[in-house]
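Me: Hey, can you walk me through this one? I'd like to go piece by piece.

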Amino acid sequence: MRLLVVEDDRDINRQLVAALQGAGYAVDRAFDGEEGQFLGETEPYDAVVLDIGLPKVDGVSVLEAWRRAGKTMPVLILTARDRWSDKVRGIDAGADDYVAKPFHMEEVLARLRALLRRVAGHATSEIVIGPVALDARGGRVSVSGEPLKLTSHEYRLLSYLMHNAERVVSRSEIVEHLYDQDFDRDSNTIEVFVGRLRRKLGVDLIETVRGLGYRVAAKTAKT
Ligand code: CA
């Protein structure tokens, strides 16, 4: 899962990025509305944390521009405490949720998890497909009840595929959703990652769709 943080306060931006990376997401950052708007229009984010009070272009205008351009990724806005009008304007502009400043990082993380799983059509933070269970809250994976140790890249890959179950996901899409923009991306490495992940899982979860990419089928996972 790849996220974008748009926040002009350098400390808050850094804290958000660190916490999100620590939770296993690839994260890009922007420090003003112009840069943020551009990234949101050109890069495929799974969710965005957007401050409302931003230099150059304010957060509500950024969000309106994204929605006008047909961008549907979930957006969590950060509002100043007691500015209820910001929340109303933000939600009217297409925000999916909000957190008021000052916030607890855990709340931001929980709200993002909820937005991401709602997009994937899941009601709880655990996704279970066949014998494989992925707990997005704890960042844990188990197979037939046995905990499985994955690297952060393997976890991201599995999480992305399981959040997009039943859909064929191409290698280039995986690359775009697994790495931040500073990463040296190479879609050939995806094959290597998938191979390693399959061996670790030891179950038939990730199907190769020749010429198109990969698919996790919700009902066909076999032990
Ligand atoms: Ca601000």
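Predicted model: local features only at pLDDT ≥ 70, side-chain atom pairs only at ≥ 80, totals over all residues.

Me: How do S4 and S5 pair, parallel or antiparallel?
Reply: They pair in the parallel sense, over five bridges, with S5 covering residues 97-101. To pick out one spot, Thr 79 has Ala 100 in S5 as its bridge partner.

Me: And is S4 mostly buried or exposed?
Reply: Buried. S4 runs over residues 75-80, and five of its six residues are buried, so the strand is largely enclosed by the rest of the structure.

Me: Which helix sits between S3 and S4 in their β-α-β unit?
Reply: That's helix H3, residues 59-68, and the unit is right-handed. S3 itself spans residues 47-51 and pairs with S4 in the parallel sense over four bridges. If you want a place to look, find Val 49, which stands opposite Leu 76 in S4.

Me: Okay, back to the start of the chain. How many bridges are there between S1 and S2?
Reply: Five, and those two strands pair in the parallel sense, with S1 at residues 2-6. The chain crosses from S1 through helix H1 (residues 10-22) to S2, and this β-α-β crossover is right-handed. Leu 3 has Val 27 in S2 as its bridge partner.

Me: Switching topic: what coordinates the calcium ion?
Reply: Asp 8 and Asp 51 do, each through OD, along with Gly 53 through its O, at 2.2 to 2.4 Å. Along the chain, the donors follow the spacing D-x42-D-x1-G.

Me: Does Asp 51 do anything else, or what is its salt bridge partner?
Reply: Its partner is Lys 101, and the closest N and O atoms are 3.0 Å apart. This pair links distant parts of the chain, as Lys 101 is in strand S5 and Asp 51 in strand S3, 50 residues apart.

Me: What about Lys 101 and Glu 7, how far apart are their closest N and O atoms?
Reply: They are 2.9 Å apart, and the two residues form a salt bridge. Glu 7 lies in the loop between S1 and H1, whereas Lys 101 is in strand S5, so the pair ties together parts that are 94 residues apart in sequence.

Me: Are those two buried or exposed?
Reply: Glu 7 is buried, with a relative accessible area of 1%. Lys 101 has 18% relative accessibility, and since buried means under 20%, Lys 101 counts as buried because of that cut-off.

Me: How many salt bridges does the whole structure have?
Reply: A search of the whole structure finds 16. One of them is between Arg 83 and Asp 86, with the closest N and O atoms 3.4 Å apart. Here Arg 83 is partly exposed, with a relative accessible area of 43%, and Asp 86 is buried, at 6%. There's also a network, in which salt bridges that share partners join Arg 2, Asp 28 and Glu 43.

Me: Now Arg 113. Where is it?
Reply: Arg 113 is in helix H5, residues 105-119.

Me: Which side chain of opposite charge is nearest to Arg 113?
Reply: Glu 106, at 4.8 Å. A salt bridge needs the atoms within 4 Å, and Arg 113 has no salt bridge although this residue is buried.

Me: So what is Arg 113 in contact with?
Reply: Leaving aside neighbours within four places in sequence, Arg 113 is in contact with Tyr 25, Ala 136 and Arg 137.

Me: Last one: where is Ile 129?
Reply: Ile 129 is in strand S6, residues 126-129. With 3% relative accessibility, Ile 129 counts as buried. Ile 129 and Val 143 are 14 residues apart in sequence, and their C-alpha atoms are 9.8 Å apart in space.

Key: Residues numbered from 1 in each chain as written. Heavy atoms only, no water. Pairing = 2+ DSSP bridges. Right-handed = clockwise from strand over helix to strand, strands pointing away. Buried < 20%, exposed > 50% of the residue type's maximum accessible area, 1.4 Å probe, protein only. Lys, Arg positive; Asp, Glu negative; His and termini not counted. Contact = heavy atoms within 4.5 Å. Donors = N, O, S within 2.8 Å, 3.2 Å for Na, K, Ca; no water.
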